[in-house]
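Take a look at the model below. The report that follows covers salt bridges, helix packing and some backbone details.

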Amino acid sequence: MENIDSNTLWSQAVERLRSEIGNEDAELWLRPIEALRIEDQVLHLKVPNKYFSDGIRDRYQKRLTAIFKDITSLDIGIDYEISIDLRNRLPTTDPISEPSPQSDFSFREFNPRYTFASFVVGKSNRLAYATAEAITKNPGTQFNPFFLYGGVGLGKTHLLHAIGNAMRQSFPKTRVLYTTAEEFVNEYINSIHHRSTDDFRGKYRNLDCLLIDDLQFLIAKEQSEQEFFHTFNSLFDSRRQIVITSDRVPKEMTPYERRLVSRLEWGQVADITAPDLETRIAILRKKSEVERFYVPDEVILFVASTVKTNIRLLEGSLIRLRAFASMTGTSLTVDDAKEILKDSLPHDVSAPVNIETIQRLVAHKYSLDIKDLKGQQRTAQIALPRQLAMYFACVMTELSSTDIGRAFGGRDHTTVLHGRKKIQKMLEDDPFFMELVNKLRSDIQAVEK
């Protein structure tokens with residue numbers, strides 16, 4: 001094996017595979033990989049992150065090992081070494097990162113950027129903002145529970161952290177916990193497994209304020225939902241503050257415990273809708289001031305006019321523009337913004353596509369049949385394309401999550417929302433995956449035109 005050079009073997013294998021998969025996929029998946037060494041008939045490859053190694057393993061590993069054998073007449077395996085965390089090297093497209101869950105509320109810190117001062121108030125969120133601020137002055141009384149609903153990226157999590165930051169400042173000894181419904185479910189399942197449900201209940205039922213995000217992911221999980229129901233009752237009866245966010249109003253939920261719906265409506269219910277143009281402009285101006293980054297008014301107007309429904313994407317666009325300006329040292333123009341953001345800005349928002357087109361092109365991209373996307377198999381080879389197709393259906397069609405779930409083999413709407421959330425997280429964490437998704441989105445749009 002010492003006579004085989006790892007770099008030579010890898011280069012030859014890449015060129016052979018390139019002729020089979022095309023330059024685009026080869027540049028996306030193979031170019032960033034570096035051959036390190038060959039030991040014990042295993043080729044060690046340096047890859048940017050875990051998603052990369054998983055992608056190579058699923059898509060190309062069998063073919064690569066066959067090519068290795070053809071070149072060397074030996075059975076050579078592949079091992080992967082993670083080299084860097086791309087999130088620390090590349091400018092993020094989402095300036096507001098989700099908080100890192102921790103099991104003990106005494107060690108959790110709220111995101112310092114999520115404050116009332118940094119929240120831009122407009123017609124779309126004025127009631128939600130006013131209620132959240134009022135809660136911090138007199139928690140557990142007038143607006144309890146506070147149920148906040150709205151779409152993705154509109155500021156619900158921002159307000160939860162703003163409440164937490166303000167209460168920690170006004171009442172330093174207050175036991176305030178932020179969690180997600182998904183984390184609540186996982187903790188509860190673990191407590192059952194480890195026979196520590198008393199500790200779990202002690203943690204949640206002795207809080208002064210519970211801030212729980214994305215409640216829709218807990219609904220219809222029978223045992224977890226019942227546990228939350230009893231936690232809710234315990235906190236409410238002892239006049240402890242409860243703040244809940246969801247993507248829909250309580251009456252649109254279908255929990256096993258129907259009494260939960262009425263309890264969610266006991267206090268204040270408010271929604272956050274997409275910001276109007278004036279609010280979007282104000283958000284961009286405020287963000288540019290915080291970042292000490294000058295953006296011409298015409299560029300701000302262009303971005304605000306193009307990104308209409310997601311504040312995270314709005315602010316993420318500004319981050320990309322700042323990165324470009326800092327690298328080139330030039331003033332931004334509208335033409336610059338169009339070129340820099342062309343792969344991330346929404347296109348043809350007024351012209352939704354057919355879900356059948358999405359399913360067909362995603363299935364083709366991953367060498368699957370459409371019936372695989374609609375089937376019940378949950379292998380990684382099928383689950384990711386299925387979630388990606390659901391994500392495209394959410395953002396490129398006018399169908400509800402219920403209708404989308406029905407188009408994917410009669411799945412529940414919560415499965416669709418979970419898939420969308422997972423893909424969004426992958427887009428935030430992995431720029432290579434974002435490049436793949438943007439290319440596939442363009443292909444879908446091109447077919448529909």
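Is Asp-214 buried or exposed? Asp-214 is buried, because its relative accessible area is 15%, and the cut-off for buried is under 20%. The model is predicted.

**Backbone details**

Asp-214 sits in the loop between β6 (209-213) and α9 (222-237).

Ser-73 also has a positive phi, about 65°, although Ser-73 is not a glycine. Ser-73 is placed in the loop between α4 and β3 (77-82). With 60% relative accessibility, Ser-73 counts as exposed. The cut-off for exposed is over 50%.

Next comes a peptide bond. Asn-144 and Pro-145 are joined by a cis peptide bond, with omega about 0°. Pro-145 belongs to the loop between α5 (126-137) and β4 (146-150).

**Salt bridges**

How many salt bridges does the structure hold? The structure holds 18 salt bridges. Three of them are set out here.

| Pair | Closest N to O distance |
|---|---|
| Arg-18 and Glu-15 | 3.6 Å |
| Arg-16 and Asp-70 | 2.3 Å |

Start with Arg-18 and Glu-15, which form a salt bridge. Both residues are in helix α1 (residues 6-21). They are three residues apart, so about one helical turn separates them. Arg-18 counts as buried, at 18% relative accessibility. Glu-15 counts as partly exposed, at 47%.

Arg-16 pairs with Asp-70 in a salt bridge, and the closest N and O atoms are 2.3 Å apart. Arg-16 lies in helix α1 and Asp-70 in helix α4 (residues 61-72), so this pair ties together parts that are 54 residues apart in sequence. Arg-16 is partly exposed, at 36% relative accessibility. Asp-70 is exposed, with a relative accessible area of 52%.

Which helices do Glu-20 and Arg-63 lie in? Glu-20 is in helix α1 and Arg-63 in helix α4, so the pair ties together parts that are 43 residues apart in sequence. Glu-20 counts as partly exposed, at 43% relative accessibility. Arg-63 is partly exposed too, at 37%.

Some salt bridges share partners. Such bridges join Arg-37, Glu-39 and Glu-81 into one network.

**Surroundings of Ser-191**

Ser-191 is found in helix α7 (residues 181-193). At 4% relative accessibility, Ser-191 counts as buried. What lies 2.6 Å from a polar atom of the side chain of Ser-191? That is the backbone oxygen of Tyr-188. Setting aside neighbours within four places in sequence, Ser-191 is in contact with Ser-196, Thr-197 and Phe-200.

**Helix packing**

Two helix pairs are described here. In one, the axes of helix α12 (residues 297-306) and helix α13 (residues 311-328) come within 10 Å and cross at roughly 140°. That angle makes α12 oblique to α13. The α12 and α13 crossing is right-handed. On the α12 side, Val-299, Val-303 and Ala-304 make the contact.

Note on methods:
Residues are numbered from 1 along each chain as its sequence is written. This is a predicted model: local features need pLDDT of at least 70, side-chain atom pairs count only at pLDDT 80 or more; totals for chains, interfaces and linings use all residues. Side-chain values use heavy atoms; hydrogens and water are left out. A salt bridge is a side-chain nitrogen of Lys or Arg within 4 Å of a carboxyl oxygen of Asp or Glu. Helices (H or I, at least four residues) and strands (E, at least two) are DSSP runs, numbered from the N terminus. Buried means under 20% relative accessible area, exposed over 50%, partly exposed in between (1.4 Å probe, protein chains only). A polar contact is a pair of N or O atoms within 3.5 Å; within protein, one must be able to donate a hydrogen and the other to accept it, and residues adjacent in sequence count only if both atoms are side-chain atoms. Contact means heavy atoms within 4.5 Å. Axes are lines fitted to C-alpha atoms, for helices over the stretch in contact, and angles run from 0 to 180 degrees between N-to-C directions. Angles under 35 degrees count as roughly parallel, over 145 as roughly antiparallel, 65 to 115 as roughly perpendicular and the rest as oblique. A crossing is left-handed if the near helix is turned anticlockwise from the far one by less than a right angle, and right-handed if clockwise.
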